[in-house]
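Hi everyone, thanks for coming along.

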Amino acid sequence: MSVLSLAGVEHAYLGRSVLKAVDLTVGAQEIVALVGPSGCGKSTLAHVAAGLLEPKSGRIERRYRRHAMIFQDPSLLPWATAAQNIAFGLRLSRLPRRQRADCVAEAAARAELEPGDLAKYPVELSGGMRQRVAIARALAVRPDFIYFDEPFTALDVALRRRMQDVAISNCADAGLSGLFITHDLHEAARIAHRVMVLDTYGAGILGDRSLPGRPGSRSDTQVQEWVAAALSRDPLFRHIHDVDERQIA
Ligand SMILES: Nc1ncnc2c1ncn2[C@@H]1O[C@H](COP(=O)(O)OP(=O)(O)OP(=O)(O)O)[C@@H](O)[C@H]1O
Ligand SMILES: [Mg+2]
């Protein structure tokens, strides 16, 4: 049973077609990684799937209860403390203040923030800690589906790995489903149950591959071997690094 399904989705910005004939499903408790070259429409697809953008045509069914989104830029309110940022999504809930504080503390712990960080303002936090606040803000609303749009791309390698582990364990512990956009096939192979490739011009999903084992259970060697095989032998991944200006820099 899928919790998200898109059928024949098409989108255009000011008449310029960006997505065409996109069919995609995410199953219950499944994390699907979405890869594809820069500019191919991955973020647009996530926005359309989440209902932030109205598609030109196509059908979208969301069977999850509540979603949250985590972007590359943590997008924190600069004048609010970490705790207030985490509580941001709860402002419309009718939770009593005490319960809201409990939600914030629990989400912060799940994102591995120190209690002492909660009173700090974004400017006082490192890049990794800001991204933890963004993760905690997403978890605080107790979502059952998370859209991740390259959340860890700006972090250095070691921190990125740590944050991937935080995402993996949180998704597994709470039985979350999600769509995880990334440029990094290693990241996809660590975090997802299945990897999907979007066409270079947004003209549909080219195909998908299921990964062996569960996210979090794969060794570094297994991940590296899977990626090496995908890039050298699987035609599905032939174009994923095309027109990717970040690889050239
Ligand atoms: N708000 C917008 N208005 C007009 N065109 C846009 C808008 N947002 C994105 N586009 C264009 O739509 C296309 C797809 O953009 P999108 O951001 O979805 O790609 P992406 O795959 O997420 O890229 P990246 O990997 O660099 O994040 C690009 O050509 C982009 O320039
Ligand atoms: Mg994008």
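Predicted model: local features only at pLDDT ≥ 70, side-chain atom pairs only at ≥ 80, totals over all residues.

Residues are numbered from 1 along each chain as its sequence is written, and chains are lettered from A and ligands numbered from 1 in the order in which they are written.

Let's begin with the domains. The protein is divided into domain 1, which takes in 1-65 + 147-249, and domain 2, which is 74-143; the bounds come from an automatic or database domain assignment. Their C-alpha centres lie 26 Å apart. How many residues of each domain are in contact with the other? Nine residues of domain 1 meet nine residues of domain 2, where contact means that two C-beta atoms, placed from the backbone, lie within 7 Å. On the domain 1 side, those residues divide into eight nonpolar, one polar and no charged. Here Ala, Val, Leu, Ile, Met, Phe, Trp, Tyr, Cys and Pro count as nonpolar, Asp, Glu, Lys and Arg as charged, and the others, Gly among them, as polar.

Now to the ligand. Which residues surround ligand 1? They are Y13, V18, G36, S38, G39, C40, G41, K42, S43 and T44, taking a residue as near if its C-beta atom, placed from the backbone, lies within 6 Å. By type, this shell has three nonpolar residues, six polar and one charged. Helix 1, residues 42-50, supplies the largest share, three residues. Helices (H or I, at least four residues) and strands (E, at least two) are DSSP runs, numbered from the N terminus.

One of the shell residues, S38, brings us to another part of the chain. T200 and S38 are 162 residues apart in sequence, but their C-alpha atoms are 8.1 Å apart in space. You'll find T200 in the loop between strand 8 (194-198) and strand 9 (205-210). T200 counts as partly exposed because it has 17 C-beta neighbours inside 10 Å. The rule is that a residue is buried if 20 or more other C-beta atoms, placed from the backbone, lie within 10 Å of its own, exposed if 12 or fewer, and partly exposed in between.

Next, please find helix 5, residues 157-174. Its 18 residues reach 26 Å from first C-alpha to last, close to the 26 Å expected at 1.5 Å a residue; the expected span is 1.5 Å times one less than the number of residues. Buried in helix 5 are R160, M163, Q164, A167, N170 and C171. Down the helix axis they fall within an arc of 135°, so they line one face of helix 5. That arc is the one made by the directions from the helix axis to the C-beta atoms. The face turned away carries the exposed residues A158 and D173. What covers the buried residues includes strand 3 (31-35), helix 3 (97-110), helix 4 (127-140), strand 7 (177-181) and helix 6 (185-191).

Why does N170 count as buried? Because it has 20 C-beta neighbours inside 10 Å. Leaving out residues up to four places away in sequence, N170 touches R110 and L139. N170 and R110 are 60 residues apart along the chain, with their C-alpha atoms separated by 7.0 Å.

That takes us to helix 3.

Finally, some backbone angles. Most residues other than glycine have a negative phi. E112, in the loop between helix 3 and helix 4, has a positive phi of about 60° although it is not a glycine. R142, in the loop between helix 4 and strand 6 (145-149), is also not a glycine and has a positive phi of about 50°. Just after helix 5, G175 takes a positive phi of about 60°.
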